[in-house]
Amino acid sequence: MSIFFGNDKSRKQIRDSIEIPGLATNFVHEVLLPHAIKRMTAEREKCSLSEAEIRMAHEDSDTQWVDYILAARVSGMVQQCLKLHTFSASVEKMSIPAANISSDRRHFFMSSAQLEALEKREELERDPVRQKLGDPLRTGGRILGFELFDNDKAALALGNHLARVADLETNSCSKPATKHAGPVTGVAVLDRSYTVDGSRIALSASWDKTVRLWPVDNARHTLAVLVGHSDFVKCVVAHPGLPLVYTGSADKTIMIWKLPELADTLTKNRDKGSPMELRPFRIIKGQHTGQIYALCLDSVTASVLYSSGSDASVRAWDAQTGDALPGKGDRLDEWYIPRGQHKTNIVDIKVTETELWTASADGTAVGWDLETQSADMVLSHKSDVTAVLPIPQAGVVVTGTHNGDIYVWRTSAGSPEIIREIHAHTDDITCLKAAGRMFYSASLDETLRVWDIMDVVKFQGGLDYIPPELAELKSNTNADRAEVSGNKTQDKSNSNNNPSSSALTEEEERELAELMSDLDDM
């Protein structure tokens, strides 16, 4: 059994290195996919993707470097078993790991556990309460990031290679979109004083190693392209008052870009039909030893840039020069939070006036004192924490997780505690942002949802947040589920009491007995 990656170099590496022959493989992706990823991690660090990125890539047939083709040579014995209607029963009797047999391309490279998770997500998506919670905006693509602007707009970074604008008042997405050659990982919007033809300018970062600048009123028109990274661009941030842009990449570098002082300069190539190409003003490399996943400017003066990534550390830089920020106290050389408190990837950073918050795949969100770089508060979860959002005015911190759940923690007094849970999304939370008393959550389930933080905090109906207008629908849904569950239990009981009920027909039993006999002779 062989697996091939679309990139010529990696395809040859995999073809030459991964051969898993034998009966027991039979499409067992529990063996195949982890082995392939482990090998690619050793061969080429850039292929060490997050689980969410891997799953997204598998479902993206247009992405050239993840054009997976599975060529399977299965023994004749297993192929005969595949002909049986109840193959899972045959596999169980032969003590062969369960295989996923499907013509649905979404199931490629999925283990039985992953298929069960997919089926569970699809069931949750049919839940009438989840379909309404948070007034979901359906974007038509996996949301990897978003940026709020102009009170009622949001720029969206989508996994289907598009960056587009959403109108939060009409709950709709604009049809024009900026097209990249790979998934769009992040977006930013420049200050309202920096405009072209009266339109604000957005930026979109992508796996195609570039960042594109485009007017939000005409997303199809690319004004400029930032070129310099040698690997996926994972995040992008725009300075709120200066024409400065910051990007972080899988190539382990942070780049600072100076845009033209006059925005109209970006249109000078308009007649030529090609966008302006810009190079970085400053390249920061060597300090981070892994991919850069998150960047954030301090919320007061925007004079400090914070960075984090797969090396589980946090560093700080002068936002205008790119120089390392001097340390304080015992760390006089530079401001630095080393790996230790976090054990693995830090995927999100947010900064308040006095604290810095980090979210990590180790299952924790941590609040840090900006002066001492010490951990003041640790919020532990049962799954990866994929996003964090401190809301000091409400005395809470909001966290998003790998399984799509949102938790609201009271952090203003004493030990932190979960005061509310929101079960609305059905896949990874990728981004949390606030605007006034509202906060927004985005997910790989392709929805952007909005929440009134005060309504959530003051909710009196229990730990799980269900707004009053959906309470009756929730009650009816639970009643319907109880009835269906009761019917299934009765059907199972009847089936067990029926001696004529069998997983296999008499003919299939004979065929399986012959196969088992052949196996004994092997």
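Serine 206 is found in strand β11. Strands here are DSSP runs of E with at least two residues, numbered from the N terminus. This is a predicted model, in which local features need pLDDT of at least 70, side-chain atom pairs count only at pLDDT 80 or more, and totals for chains, interfaces and linings use all residues. Residues are numbered from 1 along each chain as its sequence is written, and side-chain values use heavy atoms, with hydrogens and water left out.

Serine 206 is buried, and its relative accessible area is 0%. Buried means under 20% relative accessible area, exposed over 50%, and partly exposed in between (1.4 Å probe, protein chains only). Leaving aside residues up to four places away in sequence, Serine 206 touches His180, Gly182, Pro183, Val184, Thr185, Phe232 and Val233. Contact here means heavy atoms within 4.5 Å.

Now to strand β9, residues 184-189. Of its 6 residues, 6 are buried. β9 pairs with strand β11 (residues 199-206) in the antiparallel sense, over 5 bridges. Two strands pair if DSSP finds at least two bridges between them. Within this pair, valine 187 stands opposite serine 204 of β11.

Strands of a sheet pair through backbone hydrogen bonds, either parallel or antiparallel.

Further along is an open sheet. Its 4 strands run in the order β23-β24-β25-β26, with antiparallel pairing. β23 (346-351) and β26 (375-380) are the edge strands, and each pairs on one side only. On average, neighbouring strands of this sheet are turned by 15 degrees against each other, direction ignored. Axes are lines fitted to C-alpha atoms, for helices over the stretch in contact, and angles run from 0 to 180 degrees between N-to-C directions.

Strand β24 (residues 355-360) pairs with strand β25 (residues 364-369) over 5 bridges, in the antiparallel sense. Leucine 356 has tryptophan 368 in β25 as its bridge partner.
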